[in-house]
Amino acid sequence: MSRDIEIKQEFFQALTRFVSLLDEHVSTDDGQWRIKGFIDVCRNIYTISSDTKIISKILEIHLFPRILSFAEETGYRVVLAEHQNYYPDISFVHEDNENVKFAVDFKTTYRLSDYPEFCNGFTLGSHGEYFINRRSSKNIQFPYGQYQGHFCLGIIYDRHTERIVDETRTYDFEELRSITSVIKDFEFFVAEKWKIASDKSGSGNTANIGSINKIGDIVSGRGMFSDLGEEWFDDYWMNYGKITFTEESGETKQIRNLKDFVAYRGGDVELIVPKARKIGRRSRN
């Protein structure tokens with residue numbers, strides 16, 4: 001095993017141990033989120049919106065002091081993304097060797113109430129300029145190729161229904177503990193992003209890589225590329241939608257799925273991990 005692989009494995013193991021302790025930091029004894037709302041100078045408490053972007057940002061703020069402590073304990077310094085749309089959320093740079101860098105993105109999503117073994121999924125970063133040109137500095141803190149690994153620090157949770165959480169109500173400070181948290185029942189995970197990737201774009205027309213959405217596969221790093229390897233992940237997403245081939249019918253087809261891409265490249269399609277499908281319909285939580 002090369003030293004680079006050892007360093008990457010050491011970082012992954014340390015981050016995994018750290019993440020395993022985060023649930024007790026964010027949760028009450030009954031699994032509710034400790035954050036109940038925000039407070040003004042008159043000690044009025046306003047409940048948090050169930051909007052996923054708001055929840056994600058507050059979770060990041062809630063965890064950030066722990067992130068700083070983790071970095072210090074493991075010999076890294078934290079470099080935050082200079083701009084909102086930059087990748088990654090956090091760069092870990094080794095104190096003794098600045099050539100050792102790891103990209104860590106916060107990823108938060110919620111379980112689907114009808115299919116609790118699945119989550120809503122999330123994006124895994126762009127497959128645009130900085131992903132294709134590994135020396136580019138466009139929309140990325142350090143060039144992509146300078147990172148020894150690209151990790152997701154993920155948080156999966158349940159949402160309370162709006163019937164339980166009244167986002168329009170204001171509470172007195174004395175009512176703090178009676179407020180129902182907007183989310184609950186957290187599951188934390190760490191995964192290399194290529195290991196939990198799907199073969200589909202993650203957000204409409206933007207150049208974002210989509211994740212798989214079966215929770216068990218996410219937590220175990222069992223994405224569509226996990227048996228093929230990271231080189232296939234890079235090759236596929238660098239060329240996503242750019243390659244066409246002619247079918248037997250004479251029709252020209254653009255490659256936008258992994259099976260066609262692996263076959264086109266002459267690879268073993270049997271190594272593609274099938275994407276889990278939702279089967280049947282379950283009652284709501």
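Which residues form a nonpolar patch on the surface?

## Surface patch and model basis

Ile39, Phe173 and Leu176 form this patch, and together they have about 230 Å² of accessible area. Patches take residues with over 30% relative accessible area and no salt bridge, joining like charges within 9 Å and nonpolar side chains (Val, Leu, Ile, Met, Phe, Trp, Tyr) within 5 Å. Accessible areas come from the Shrake-Rupley method with a 1.4 Å probe, and for residues only the protein chains shown count as cover. Ile39 belongs to strand β1 (residues 37–39); strands (E, at least two residues) and helices (H or I, at least four) are DSSP runs numbered from the N terminus. With a relative accessible area of 47%, Ile39 is partly exposed, a class between buried (under 20%) and exposed (over 50%), using a 1.4 Å probe and protein chains only.

The model is predicted: local features need pLDDT of at least 70 and side-chain atom pairs count only at pLDDT 80 or more, while totals for chains, interfaces and linings use all residues. Residues are numbered from 1 along each chain as its sequence is written, and side-chain values use heavy atoms, leaving out hydrogens and water.

## Strand β7 and its partners

Strand β7 (residues 149–159) has 10 of its 11 residues buried, so the rest of the structure largely encloses this strand. Strands pair if DSSP finds at least two bridges between them. Strand β5 (residues 101–110) runs parallel to β7, joined by nine bridges, and Tyr110 stands opposite Tyr157 in β7. Strands β7 and β9 run antiparallel and are joined by eight bridges; Ile155 has Phe188 of β9 as its bridge partner.

## Salt bridges

The whole structure contains 17 salt bridges, each a side-chain nitrogen of Lys or Arg within 4 Å of a carboxyl oxygen of Asp or Glu. Glu174 and Arg43 form one of them, with the closest N and O atoms 3.6 Å apart. Glu174 lies in the loop between β8 and β9 and Arg43 in the loop between β1 and β2 (44–47), so the pair ties together parts that are 131 residues apart in sequence. Glu174 is exposed at 65% relative accessibility, whereas Arg43 is partly exposed at 44%. The C-alpha atom of Glu174 is separated by 46 Å from that of Ala276, 102 residues apart along the chain.

In the salt bridge between Arg77 and Glu98, the closest N and O atoms are 3.0 Å apart. Arg77 is in strand β3 (residues 76–80) and Glu98 in the loop between β4 (90–94) and β5, so this pair ties together parts 21 residues apart in sequence. Asp227 and Arg222 form another, at 2.8 Å between the closest N and O atoms. Lys8, Glu192, Lys195 and Glu230 are linked in a network of salt bridges.

## Aromatic rings

There are 27 aromatic pairs. Rings of Phe, Tyr and Trp (its six-membered ring) pair if their centres lie within 6.5 Å; planes under 30 degrees apart count as stacked, over 60 as edge-to-face and the rest as tilted. One aromatic cluster includes Tyr87, Tyr130, Trp232, Trp237 and Phe261.

A charge sits over a ring if NZ of Lys or CZ of Arg is within 6 Å of the ring centre and within 35 degrees of the ring normal. The charged end of Arg159 sits over the ring of Tyr110, 3.6 Å from its centre. For Lys101, the charged end sits over the ring of Phe142, at 5.0 Å from the centre.
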